Every structure is written in structure tokens, then in C-alpha cells.
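Dear colleague,

I am passing the structure on to you with this email, and my notes on what was found in it follow below. Please read them with the model open beside you.

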Amino acid sequence: MFRPLSFYIGLRYTAAKRRNHFISFISLTSMIGLMLGVAVLIIVLSVMNGFDRELKQRILGMVPHAVIEGSGPLQDWASVDEQVQQHPRVLAAAPFIQGQGMVTGGGNVRGVMLNGVLPEQEKTVSIIENHMIDGSLDDLESGEFGIIIGRLMAASLRLKLGDKVTVVLPEASVTPAGVLPRLKRFTVKGIFSVGAELDGNYTLIHMDDAAKLMRTGGRAQGVRLLVDDLFAAPKVAEQAARTLEGRYYISDWTRTHGNLFQAIRMEKTMIGLLLMFIVAVAAFNIVSTLVMVVTDKTADIAILRTMGATPGRIMRIFIVQGAVIGVFGTLIGTGLGVLGALNISAFISWLEGALGHQFLSADVYFISYLPSQLQWPDVFIISGSGLAMSLLATIYPAWRASRVDPAEALRYE
């Protein structure tokens with residue numbers, strides 16, 4: 001016999017035959033349960049990682065990492081822009097003017113966030129140029145009152161390049177005809193799509209046009225920063241502001257979108273823990289399987305003991321049986337989970353096309369598709385946990401088998 005006795009007998013018990021079909025079925029279901037638990041946990045955590053990645057890359061690629069503003073319009077925004085870029089962790093900076101308003105077109109009205117920018121500098125702090133589906137950021141020219149809108153807004157207002165829209169500000173102007181809302185006609189110069197909620201309420205206009213519309217006297221409202229580390233944005237903005245003369249106010253993405261980011265992180269942790277319980281339940285099904293095997297094989301255990309098998313060898317036989325179930329279940333589940341995580345986005349897109357229904361609408365959710373990002377540390381942790389719980393589940397049944405008394409077991413044989 002070229003194989004160790006404990007290993008050989010453990011494998012034979014795992015693939016029980018003839019009158020032990022039921023035990024084989026229980027072993028198979030335990031393996032399938034562990035396999036499904038591991039696979040589902042890998043896929044779900046990959047999806048949560050995908051949402052986390054999309055939040056960083058898309059949402060935080062469009063909105064400022066940090067903002068430095070004065071108590072009013074900046075008198076010399078160019079100087080502020082130049083000084084903050086001296087900070088080693090500030091990658092780029094750009095001036096802006098921001099305000100809320102409404103856009104009317106195609107007989108519909110939609111609330112929007114108006115962002116006055118300088119196209120050449122906006123490219124350095126925003127990803128929008130990479131997501132233009134019509135037009136270009138360079139098409140925004142001073143004095144032409146052009147506007148760039150998102151794909152969802154264009155669809156809602158039935159707009160295309162060259163169409164006219166009316167921008168209405170919530171501020172009123174006093175005229176000889178009475179108090180009238182402040183409004184201006186703009187021409188659609190571009191349409192972007194980042195696959196997020198920003199496609200429906202985010203617009204860009206030239207900063208000079210925004211200054212005229214919002215009456216800032218040609219001055220910027222503040223300077224937005226792009227930093228090298230998202231999580232360091234509050235600290236970097238504070239340090240950069242301290243180098244400036246005068247009184248300035250700072251803000252960062254953690255105040256505008258931090259709750260969403262924290263919610264995703266918390267959900268990933270809680271879902272991971274809940275699904276790990278599923279893996280634990282599947283792993284501890286091995287306990288019931290091995291207890292049934294020990295009961296069924298009591299006479300065989302007694303014979304092995306009379307032939308000189310030690311309690312330690314008996315324990316190893318049943319540990320091997322449980323380990324085979326755990327190893328195969330975990331490895332197959334890991335393989336299925338990795339394949340599922342790598343293909344879940346394409347599968348959901350195909351399913352949406354087949355059913356004609358979009359599961360994630362950007363009008364409701366912050367992105368319009370199901371993202372997935374496989375992270376190998378998660379895979380190793382899940383696989384390792386599954387194997388560890390499987391091995392722990394074998395200890396009690398194996399110990400119970402080693403305690404079988406040969407004389408008592410063979411009394412009625």
C-alpha cells in the first residue's frame with residue numbers, strides 16, 4: 001500500500017458505496033453548500049468592491065477632491081490657484097463658479113448644478129473630457145454661452161448638440177416690468193456620460209459666462225483641488241489654505257459624498273460577515289456528516305482498534321474525510337466565485353438586454369450598471385476561512401471516533 005493508511009481509509013469513507021449511499025449524499029450536499037457559500041461570498045464582495053471603485057473613479061473624478069473658497073468671490077483667484085499648486089500633494093487646481101438653477105427645454109424642466117469652469121484647466125482636475133459622447137470641453141468659449149450637459153438630462157429634455165435651452169436662476173431681478181427671474185439662453189455644446197447620477201443634474205458652462213450670469217464681477221468663487229490621495233484630501237486642503245494670506249474656507253469630498261462612501265464600506269463589511277455565516281453553516285454540516293459516518297462505521301473502527309490502530313490514527317481517518325469535503329468544496333467554490341466575479345457585469349448587461357429592463361437606473365442609483373472588482377486578498381481570506389472552518393468541524397467527530405470502545409462496539413456483532 002503506497003498511500004498512508006489514514007488517508008486511504010478516509011478517502012474510502014468519503015466515497016461510500018452500496019448501503020452507504022445516504023452518507024455519500026450527505027457528504028455531497030455538505031460540499032455543495034460550502035462551494036456555493038464561498039462562491040457567493042467572493043462574487044458579492046467583488047460587486048461591493050466595484051461600487052467602491054466606481055465611487056472613487058467616476059463620482060469623485062467629477063466632483064472636487066477639495067475646495068478652497070473665500071468669504072466672497074476671490075479677488076485674485078489666479079494667485080490662489082498658483083500658490084495652492086505649490087503644495088507637493090496637490091496634483092492640479094482649477095477655478096470655478098458654482099450655483100443651482102433650472103434648465104428648461106423640450107417642454108420639460110430639470111433642476112441642475114451649474115459649474116462655471118475654464119476648459120483648459122478643468123481637464124486637469126476632472127475626468128469629464130474622457131467621457132464626452134458628443135462635443136468637447138474645448139467647445140465652451142467665453143461669450144458664446146454654451147453648456148455641456150449629461151446624457152440623462154439630454155434624454156429627459158430631448159436635447160441634442162446645437163439645441164437651445166433656458167437656464168433659470170433662483171434669484172430675481174428687479175426691472176421696470178416688475179420682479180423677474182434671472183434667465184439666459186444657452187446652446188448645447190456637448191453631452192457627457194459617466195454612468196452616474198451626475199448625468200442627470202451636472203452641467204458645465206464657461207466661467208466668464210457664469211460670472212456674468214451670477215454677477216460675480218468676473219471673479220471665481222473658489223479653487224478646486226486634485227490631490228494624490230483621496231483620503232488625505234481634508235488634511236491637504238487645510239495645509240494648502242494655511243499658505244494663503246487672508247481668510248478662506250475649505251471643503252472636501254467627505255462632506256459631500258462621504259456618507260455614500262462610508263455606507264458602501266459598512267455594507268461590504270456587514271454583508272461579508274452575514275455571508276461568512278452561510279459558509280460557516282455549510283462547513284459545520286461536515287460535523288453532522290462525520291457523526292453519521294462514525295455511527296455507521298463503529299464496528300469498522302472497533303476492528304481497526306483490535307488490529308492495532310491507535311486513537312490518533314482513527315482521528316486522522318475522519319479528519320481526512322472532512323478535509324476532503326472542505327478542500328474540494330472550497331477550491332471549487334473559489335474557482336466559481338472568481339469566474340463569476342470576472343463576468344458578473346457582462347452577464348447582468350446581457351440579462352438587462354434580454355429582459356428589456358434596466359436593474360440599476362442612474363435616476364435612482366449613483367451608477368447605472370453593476371460593477372465588479374476582484375481583489376485577491378478577499379479571495380485568499382474567504383478561501384482560508386472556509387478551509388479553517390472545515391478542518392475545525394472535523395475535530396469533534398474524529399475525537400468521538402477515537403473514543404470508541406472495541407469491546408462495547410463488537411459485543412452484539
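I begin with R89, which is partly exposed, with a relative accessible area of 30%. Before going further, please keep in mind that this is a predicted model, and that the distances and angles below are computed from it.

Salt bridges

The side chain of R89 meets that of D228 in a salt bridge, with 3.1 Å from N to O. This pair links distant parts of the chain, since R89 lies in the loop between α3 (77-84) and β2 (90-105), whereas D228 lies in the loop between β9 and α8, 139 residues apart. D228, at 42% relative accessibility, also counts as partly exposed, and D229 joins R89 and D228 in a network of salt bridges.

In one of them, the side chains of R224 and E122 meet at 2.9 Å, N to O. Here too the pair links distant parts of the chain, with R224 in strand β9 and E122 in helix α4 (residues 119-125), 102 residues apart. Both partners are buried, R224 with a relative accessible area of 3% and E122 with a relative accessible area of 1%.

The other joins D138 and K123, whose side chains meet at 2.7 Å, N to O. D138 is in the loop between β4 (132-135) and β5 (146-150), while K123 is in helix α4, and the two are 15 residues apart. D138 is partly exposed, with a relative accessible area of 41%, and K123, at 32% relative accessibility, counts as partly exposed as well.

Which side chain of opposite charge is nearest to D199, a buried residue that has no salt bridge? The answer is R151, which is 4.0 Å away. D199 itself belongs to helix α6 (residues 198-201), and its side chain reaches the backbone nitrogen of V194 at 2.9 Å. When its neighbours within four places in sequence are left aside, D199 is in contact with G150, R151, L152, M153, F192, S193 and V194.

E352, in helix α12 (residues 311-355), is likewise buried and without a salt bridge, and for this residue the nearest side chain of opposite charge is again R151, at a distance of 10 Å. Not counting residues up to four places away in sequence, E352 touches H357, Q358, F359 and L360.

Aromatic rings

The structure holds 6 aromatic pairs. One of these is formed by F231 and W253 in an edge-to-face arrangement, with 6.2 Å from centre to centre and 75° between the planes. The pair links distant parts of the chain, 22 residues apart, with F231 in the loop between β9 (222-227) and α8 (233-242) and W253 in helix α9 (residues 253-256). The two residues also fall into separate accessibility classes, for F231 counts as partly exposed at 49% relative accessibility, whereas W253 counts as buried at 2%.

A ring is also involved in a further arrangement, in which the charged end of K184 sits over the ring of F145, 4.4 Å from its centre.

The buried residues are M207, D209, A210, A211, L213 and M214.

Helix α7 is followed by R215, which lies in the loop between α7 and β9. Phi of R215 is near 55°, a positive value in a residue other than glycine, and R215 is exposed, with a relative accessible area of 56%.

R158 also has a positive phi near 55° and, again, is not a glycine. R158 lies in the loop between α5 (151-157) and β6 (164-175), and is exposed, with a relative accessible area of 58%.

Methods. Residues numbered from 1 in each chain as written. Predicted model: local features only at pLDDT ≥ 70, side-chain atom pairs only at ≥ 80, totals over all residues. Heavy atoms only, no water. Helix = DSSP H or I, 4+ residues; strand = E, 2+ residues; numbered from the N terminus. Buried < 20%, exposed > 50% of the residue type's maximum accessible area, 1.4 Å probe, protein only. Lys, Arg positive; Asp, Glu negative; His and termini not counted. Contact = heavy atoms within 4.5 Å. Phe/Tyr/Trp six-rings, centres within 6.5 Å; stacked < 30°, edge-to-face > 60°. Lys NZ or Arg CZ within 6 Å of the ring centre and 35° of its normal. Polar contact = N/O pair within 3.5 Å; in protein donor to acceptor, adjacent residues only side chain to side chain.
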